[in-house]
Amino acid sequence: MNFVSSIVLVDIALLAMLGVVAVAIIRLKSLFAIVMLSGVYSLVSATWFVAMDAVDVAFTEAAVGAGISTALMLGAMLLTARRVKTPDKAGARRWGPFLAVFATGGLLIFASTDLPAFGDPNSPANSYVGKDYIERTPSEVGPPNIVTAVLASYRGFDTFGETVVIFAAGVAVALLIGFGERALAFSGQRSVTPEPVSPDDHHMVLRVVSKLLIPLIALYAFYVQFHGDYGPGGGFQAGVIFAVAVILNALIFGLSETMDAVPAGAARAGAAFGVLLYGGVGVVNLLNGGAFLDYDYLFETPAPGSYDPHHWGQHFGILLVELGVLATVASTMIVIFYAFAGRAPEIRDEDW
Amino acid sequence: MLIAAAVAVVVSMALMLARAIMGPTLYDRVLAVNSFGTKTVLLMGLLGFLTGRPDFLDIALLYALINFVATIAILKFFRYRSFQIPLSGRGVGGSDG
Amino acid sequence: MADIAAFFAHWAEPLRVWLGTALALAGGVLVTIGAVGVLRFPDFYTRLHAASVTDTMGATLLLLGMALLAGWSLVTFKLALIWMFLFLTSPTASHAAANAAHTAGLEPIVGRWRGDDKSEDGA
């Protein structure tokens, strides 16, 4: 059995597991189990992306889907319920949604028969602009990771839009749920029933290991950030990993201690600063005579016909915008986590 | 021959998934999901080796850390129902330890 | 001495590959045994024992086998890092799960296990 067919077997096994997990998520009634299984779903998706050679996507899926989403969904469960609510209408009378789902699924499957083969060099995605990017990145932009070159330089507008969207999401959550400190003040009135004090220290192992791990996770976030030019990584993944370090701190040492270490105001300011940095780089390019986010004009107006073999403008431009993305993503995740975690539990003890 | 090890890891992932779906208590599920994550880390490392792209090890390293945080989040949350209480010594009472 | 050195230099390369592959296969087998154990054991605490012990050891063997196959390179360093993180976090997560289950009141099955006619301690 040669290697290609065994990768196909691994793909089939992973997709089968995805299907099984999806069915299980639909059938289970306990929301805890569903949250955990949705983390497993994201994880299997990330492994499948790895098997299909899409490494940056797998990175983001593993960090966001399996890490942050679990913690935030648990925070959302604080404010809602623990079990799935049984629907009022009987199953046979919900034919409307069934029809819609089956029609859409059938259309998608029919359309997927027209997709090009995996890795086909003549497919439209690989022919026109894609081929240009691959051929021109070494001479125009520079970094070995073409995904980063496309993301930060060729398609810098799109990434700017994504950063602003993440910032807007953080603003929306903060407006809806409230900032951490105000919610924390409310929580003093209705706190969780304290458990009886016991003389043993149950959590020493956890505390010691977390004290080792939290700085290592933050350091790994910076490694991913700066290594994004050469390998999988970049600002988005690094921001999420940094937020995971802060969340681990909050889990082990308590929310108020974490809010002392990373104040909510600093997180809000960081989110705005990231977008400002990204937009500021674009404006500097405008002031120097180029287009918005054209990094060749970052330092000075280049003389016509000159060629910079080091691509300093591109290099520093990509560095600065990735820093902006890191600041916004990490700060927004922290803002959202503080907003959810700062709320007092709404569920009474009997309903838990 | 590493393919055989990869197949073994995939089989064990499927078995762990069965336990995660079946497990009568929440703790069985937490155990199964944590173990599933560890096996995924190993599978990603093996896949990276087999395809000749050692960049995958970054993702495996990332997931080894994220798996731990997700497990601790679920356990703490199931017990204390809040993110605000620190895991300090001498039991916890809702105030700073 | 020179011929011993020559003997090792000649056989080191295939020995490294062979040993690495054998260790990786052993790790895979151990991981599978652990998964079978988690499926078949009757109680949470026994399943925890099966999962955590075989996971950590199987991961160690697999990563050591891959490191031997990779030789001295950056890949080996990253594998060593993964091993260190797994070694730190996997037993800690098992400890946290057992601790949480025990303080929540989940009782282990004690005494002789007589098969399925003895009911499980579920919740």
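Let's start with chain C: buried residues make up 37% of its 123 residues. Keep in mind as you look around that this is a predicted model.

What is chain C built from? It has 3 helices and 0 strands, and from the N terminus on its elements run α-α-α. Now consider its overall form. The C-alpha atoms of chain C fill a box of roughly 65 × 30 × 20 Å along the principal axes. Its radius of gyration is 20 Å, whereas a compact globule of 123 residues would have one near 14 Å. Within the chain, take the contacts with a separation of 6 or more: 67% of them join residues 24 or more positions apart.

Next, turn to the place where chain C touches chain B. This contact takes 40 residues from chain C and 38 residues from chain B. On the chain C side, α1 (2-40), α2 (44-70) and α3 (74-104) each supply at least two residues. Which helix gives the largest share of that side? It is α3(C), with 15 residues. Sorted by class, the chain C side has 28 nonpolar, 8 polar and 4 charged residues.

Chain B also meets chain A, in a contact that takes 64 residues from chain A and 50 residues from chain B. Several helices of chain A each supply at least two residues here, among them α1 (3-27), α2 (31-51), α3 (55-79) and α10 (204-227). The largest share of the chain A side, 11 residues, comes from α3(A). By class, this side of chain A has 45 nonpolar, 14 polar and 5 charged residues.

Terms used. Residues are numbered from 1 along each chain as its sequence is written. Chains are lettered from A and ligands numbered from 1 in the order in which they are written. This is a predicted model: local features need pLDDT of at least 70, side-chain atom pairs count only at pLDDT 80 or more; totals for chains, interfaces and linings use all residues. Two residues are in contact if their C-beta atoms, placed from the backbone, lie within 7 Å. Helices (H or I, at least four residues) and strands (E, at least two) are DSSP runs, numbered from the N terminus. Ala, Val, Leu, Ile, Met, Phe, Trp, Tyr, Cys and Pro count as nonpolar, Asp, Glu, Lys and Arg as charged, and the others, Gly among them, as polar. The radius of gyration is taken over C-alpha atoms; the globule rule is 2.2 Å times the number of residues to the power 0.38. A residue is buried if 20 or more other C-beta atoms lie within 10 Å of its own, exposed if 12 or fewer, and partly exposed in between; C-beta atoms are placed from the backbone.
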